[in-house]
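This report describes how the parts of one protein model are arranged and where they meet. The sequence and the structure are shown first, and the description follows.

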Amino acid sequence: MVLALEVYLGAGALVTAVFLLWGIGRRDPQARGSFAFRPLLIPGVVILWPLVLVAWARPARAHHRPPLRLQEGLALVLAVAIPVVLVTGLLVRQQGPLERPAVLLAPADADMEGATR
Amino acid sequence: MSLRHTPVQWNRTKLVYDAVLAVAVVGFIVVFLRLAPEFADTTRPVDGAIQRMRAFGVCAFLMLTLILCIGPLARLDRRFLPLLYNRRHLGVMTCLVALTHAVYVLNWYFAFSPTPKLTALVTANTAYGQLLGFPFEAFGIFALVVLVILAATSHDFWLAFLSAPVWKTLHLLIYPAYAAVVAHIALGYLQDATNPAFALVAGGGGLVVAGLHVAALMTDRARHRSNTAAATAASDTDWVDVGPPEAIPDGRARIVRLDGDERVAVFRDGNRLAAVSNACAHQNGPLGEGRIIDGCITCPWHGFQYRLEDGRSPPPFIETIPTYRLRLADRRVQVHRTANPPGTPEEPLTWTA
């Protein structure tokens with residue numbers, strides 16, 4: 001897994017070098033002749049290089065349809081998930097409401113339990 | 001607006017925003033480290049490194065909570081819009097605070113690990129099949145990876161490069177990341193905590209985020225319900241009813257929801273009417289909630305401007321948004337369902353009262 005991660009990030013470094021030194025100016029008019037902002041893009045390109053290659057290969061288009069319905073759906077799921085997760089976390093606590101109180105064993109029971117071991 | 005990408009488009013507002021943010025973060029950490037030992041369980045004293053780890057962790061959680069509250073708050077009440085202005089810097093700073101928390105975790109709990117620290121972190125507990133003792137670190141790692149990705153793609157370049165649908169979908173990962181942070185806390189620190197203070201903070205923060213999102217969603221739906229109902233009732237296949245022109249406040253817009261995710265902002269400037277996409281080309285801010293300033297449609301989020309006539313930013317700027325055709329039928333405004341390509345000239349509709 002570590003090797004796979006290293007290969008992935010190595011490929012990312014290669015794509016980053018080519019994209020930031022050569023490709024970006026051809027793809028984005030606002031990037032032509034502008035170099036100071038490019039180092040800020042390095043982490044993003046290294047991590048998301050497959051997505052960068054796809055976007056690079058695709059013709060530039062203007063988009064005006066943000067995924068509003070997806071956002072609404074995720075917000076609703078989050079609103080339900082938060083209380084569920086919090087309550088679950090409190091319920092499974094060892095000192096939580098579902099934890100049965102500890103009971104001291106009577107000396108005889110304790111001896112018997114020790115004898116069976 | 002800009003002609004060329006720059007690292008950060010600094011202005012006085014952003015400097016003040018960031019300064020306040022930095023002071024608040026440092027102040028919180030200092031106060032936490034000063035007060036936390038006084039509320040700690042004296043029978044189980046914790047090391048200073050653990051206190052610092054907790055301080056940065058709690059700080060990151062509160063910052064993330066604030067980030068998620070800003071969006072719905074701004075939709076519920078415009079007075080919160082200034083908080084939204086520089087939200088991405090808040091996000092980047094949250095990522096740095098969360099990374100500091102993670103570094104403390106690695107350098108304390110895995111300081112003497114025979115295996116590399118990251119390997120030890122993901123292999124120390126693999127009891128994924130049970131709820132009690134679940135490896136809560138996995139939730140924290142997921143949230144941290146998301147925060148890093150979002151911070152790394154926060155520059156304006158990324159939205160233009162990836163396109164709004166892809167960039168926005170990527171940044172919607174903040175929702176599962178927040179749920180993961182809540183799970184990280186609930187199955188981690190809350191399992192062991194004896195002081196209810198942090199449980200109340202975590203629970204309260206999480207429930208505020210959940211409540212605000214539901215409230216904003218309901219308000220948004222109620223706001224658009226009348227428009228959508230009217231549009232459905234009075235629309236043929238190509239044209240959608242917007243309502244009488246005098247119902248649109250002068251200098252403002254009425255937002256009409258079309259099919260799917262598409263929304264149109266129909267602006268009125270005196271007796272002129274023009275329709276453009278409701279999504280700003282900069283960061284998809286809701287243009288229809290903005291107003292007309294100096295004859296240009298002005299985004300309420302960052303002040304990006306567009307001409308009514310063609311959806312283009314005034315020269316020398318180059319941003320463009322789609323325009324839509326308008327017509328009057330029985331003294332009611334109708335908008336065509338199909339958007340023109342961004343920046344297409346469309347003569348504003350004139351009407352007389």
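## The two domains of chain B

Between domain 1 of chain B and domain 2 of chain B, about 1000 Å² is buried, and 45% of this area lies on carbon and sulfur atoms. On the side of domain 1 of chain B, the residues that lose the most area to domain 2 of chain B are Arg78(B), Tyr85(B) and Leu159(B), which together make up 38% of what that side buries. These values belong to a predicted model. In the domain assignment of chain B, domain 1 covers residues 12-220 and domain 2 covers residues 239-350. The C-alpha centres of domain 1 of chain B and domain 2 of chain B are 38 Å apart. Ten residues of domain 1 of chain B touch ten residues of domain 2 of chain B.

Polar interactions are also found between these domains. Domain 1 of chain B and domain 2 of chain B share four residue pairs in polar contact, with both residues at pLDDT 80 or more. Three helices of chain B, namely H3 (81-85), H4 (87-109) and H7 (156-162), each supply at least two residues of the side of domain 1 of chain B that touches domain 2 of chain B. The largest share of that side, three residues, is provided by H3(B). By residue class, the side of domain 1 of chain B that touches domain 2 of chain B consists of five nonpolar residues, no polar residues and five charged residues. The count of salt bridges between domain 1 of chain B and domain 2 of chain B is one. A salt bridge is formed by Asp220(B) and Arg263(B), whose closest N and O atoms are 3.6 Å apart.

## The interface of chain B and chain A

Chain B and chain A bury about 5000 Å² between them, with 72% of that area on carbon and sulfur atoms. Of the area that chain B buries against chain A, His5(B), Phe161(B) and Asp261(B) supply 14%, more than any other three residues. In terms of contacts, 62 residues of chain B meet 50 residues of chain A.

Three salt bridges are found across the interface of chain B and chain A. The side chains of Glu72(A) and Arg221(B) form a salt bridge with an N to O distance of 3.6 Å. Chain B and chain A also have eleven residue pairs in polar contact, both residues being at pLDDT 80 or more. Several helices of chain B give two or more residues to the side that touches chain A, among them H6 (137-152), H8 (164-171) and H9 (174-186). The largest share of the side of chain B that touches chain A, eleven residues, comes from H11(B). That side of chain B divides into 37 nonpolar, 15 polar and ten charged residues.

## Backbone features in loops of chain B

The peptide bond that leads from Pro315(B) to Pro316(B) is cis, and its omega is near 10 degrees. Pro316(B) lies in the loop between strand S7 (305-307) and strand S8 (323-324) of chain B. Another loop of chain B, between strand S5 (291-293) and strand S6 (296-298), contains Asp294(B). Asp294(B) has a phi near 55 degrees, which is a positive value in a residue other than glycine.

## Confidence of the prediction

The table gives the mean pLDDT of each chain and the share of its residues that reach at least 70.

| Chain | Mean pLDDT | Residues at 70 or more |
|---|---|---|
| Chain A | pLDDT 83 | 79% of residues |
| Chain B | pLDDT 89 | 96% of residues |

Within chain A, the element with the lowest mean pLDDT (59) is helix H5 (residues 107-116) of chain A, while helix H2 (residues 38-47) of chain A has the highest (96).

Conventions
Residues numbered from 1 in each chain as written. Chains lettered and ligands numbered in written order. Heavy atoms only, no water. pLDDT = per-residue confidence, 0-100. Helix = DSSP H or I, 4+ residues; strand = E, 2+ residues; numbered from the N terminus. Domains from an automatic or database assignment. Contact = heavy atoms within 4.5 Å. Buried area = accessible area lost by both parts, 1.4 Å probe. Salt bridge = Lys/Arg side-chain N within 4 Å of Asp/Glu carboxyl O. Polar contact = N/O pair within 3.5 Å; in protein donor to acceptor, adjacent residues only side chain to side chain. Nonpolar A, V, L, I, M, F, W, Y, C, P; charged D, E, K, R; others polar.
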